[in-house]
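Colleague: Before we discuss this structure, could you bring it up and take me through the strands, the core and the charged pairs in turn?

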Amino acid sequence: MRIRGREQLSAVAASLLFAGACGVTQADGAPAASSVAPHDGQHDFDFLLGSWKIHLKKRLHPLSAANEWVEFDGTVVCRTIWNGLAEVEEFNVDSPEKNIFIQGLAVRLYNPKTRQWSIYWANRKNGVFDAAPQVGQFKDGRGEFYGEDTLDGRAIYVRFAWSNTTSSAPHFEQAFSEDGGKTWEVNWITEQTRIEDTASKTR
């Protein structure tokens, strides 16, 4: 991938994140005045804490004009550390009939100064965290996080999006963009169902 392409992609990421953090601006480009205190997102990921069954849909050939998907099931366990400043997620899929086996680890870190989260992903298959995190924040119950990656040698932009975060069925989507964020194609969808703590229910 060419260095110039990476610089252009980084500029797009920065502008989108800045816009999300600052909200509506005036016509002359100056931030609109607001008396609302900045949102403290330290506990924005608390809705994921606990154990979940997950149903996943994966697009087999992203950004190829194909629309072939595969569906499978898995489990997720999330726990918080540092009083909500970080969260660790264990992700497991074991689907022999679909020939899919995934053991993953997501680490989410909150920066109180920027009020944004950075999300790092590691797969047991290679044993290292991805080089660049997804960065973003929540607004009105929806979280959007952006990062850079490559697909088949092409520079792409990646978006994570959580919605329905105040319900018992949170919804997650991953999307790719190959035109700097102008258009997006969803390639991964996760629906979650909480696993009740049977031990606490019998007390």
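What follows is a set of questions and answers on this predicted model.

Colleague: Which residues of the largest nonpolar core touch the most other members?

Modeller: Eight strands, namely β1, β2, β3, β4, β5, β7, β8 and β9, each supply at least two residues of this core. In soluble globular proteins, nonpolar side chains tend to be buried together. The core here has 28 residues, and those that touch the most other members are Phe45, Phe91, Phe145 and Trp162.

Colleague: How many residues of β3 are buried, and how many bridges join β3 to β4?

Modeller: β3 is mostly covered, with 7 of its 10 residues buried. On one side of the pairing, β2 and β3 run antiparallel and are joined by 7 bridges, with threonine 75 opposite asparagine 92. β3 also pairs with β4 in the antiparallel sense, where aspartate 94 stands opposite phenylalanine 101, and the number of bridges between β3 and β4 is 10.

Colleague: Which residue takes a positive phi in the hairpin of β3 and β4?

Modeller: The hairpin of β2 and β3 has 4 residues between its strands, and there tryptophan 82 takes a positive phi near 55°. The hairpin of β3 and β4 likewise has 4 residues between the strands, and the residue with a positive phi near 55° is asparagine 99.

Colleague: Is tryptophan 82 buried or exposed, and what is the accessible area of the nonpolar patch that it forms with Ile81 and Leu109?

Modeller: Tryptophan 82 lies in the loop between β2 and β3. Because its relative accessibility is 58%, and the cut-off for exposed is over 50%, tryptophan 82 counts as exposed. Together with Ile81 and Leu109 it forms a nonpolar patch on the surface, whose accessible area is about 290 Å².

Colleague: Why does alanine 65 count as exposed, and where does aspartate 140 lie?

Modeller: Alanine 65, in the loop between β1 and β2, has a positive phi of about 75° although it is not a glycine, and it counts as exposed because its relative accessibility is 80%. Aspartate 140 is also a residue other than glycine with a positive phi, in this case near 55°. At 78% relative accessibility aspartate 140 counts as exposed, and its place is in the loop between β6 and β7.

Colleague: How many residues of β9 are buried, and which residue in β10 is the bridge partner of alanine 175?

Modeller: β9 is mostly covered, since 6 of its 7 residues are buried. β9 runs antiparallel to β8, with 7 bridges between them, and the bridge partner of tyrosine 157 in β9 is serine 177. β9 also runs antiparallel to β10 over 6 bridges, and there the bridge partner of alanine 175 is valine 186.

Colleague: How many residues apart are arginine 59 and glutamate 185?

Modeller: The count of salt bridges comes to 6. In one of them the side chains of arginine 59 and glutamate 185 meet at 3.6 Å, N to O. This pair links strand β1 with strand β10, distant parts of the chain that are 126 residues apart.

Colleague: Are arginine 108 and glutamate 89 buried or exposed, and which residues form the network of salt bridges?

Modeller: The side chains of arginine 108 and glutamate 89 meet in a salt bridge of 2.5 Å, N to O, which links strand β4 to strand β3. Arginine 108 is buried because its relative accessible area is 3%, and glutamate 89 is buried at 8%. The network of salt bridges links Glu87, Glu89 and Arg108.

Colleague: What is the relative accessible area of arginine 79?

Modeller: Arginine 79 meets glutamate 90 in a salt bridge of 3.0 Å, N to O, with arginine 79 in strand β2 and glutamate 90 in strand β3. Glutamate 90 counts as partly exposed at 35% relative accessibility. Arginine 79 is also partly exposed, with a relative accessible area of 43%.

Technical notes: Residues are numbered from 1 along each chain as its sequence is written. This is a predicted model: local features need pLDDT of at least 70, side-chain atom pairs count only at pLDDT 80 or more; totals for chains, interfaces and linings use all residues. Side-chain values use heavy atoms; hydrogens and water are left out. A nonpolar core is a set of buried Ala, Val, Leu, Ile, Met, Phe, Trp, Tyr and Cys residues joined through side-chain atoms within 4.5 Å. Buried means under 20% relative accessible area, exposed over 50%, partly exposed in between (1.4 Å probe, protein chains only). Two strands pair if DSSP finds at least two bridges between them. Patches are made of residues with over 30% relative accessible area and no salt bridge: like charges are joined within 9 Å, nonpolar side chains (Val, Leu, Ile, Met, Phe, Trp, Tyr) within 5 Å. Accessible areas come from the Shrake-Rupley method with a 1.4 Å probe; for residues, only the protein chains shown count as cover. A salt bridge is a side-chain nitrogen of Lys or Arg within 4 Å of a carboxyl oxygen of Asp or Glu.
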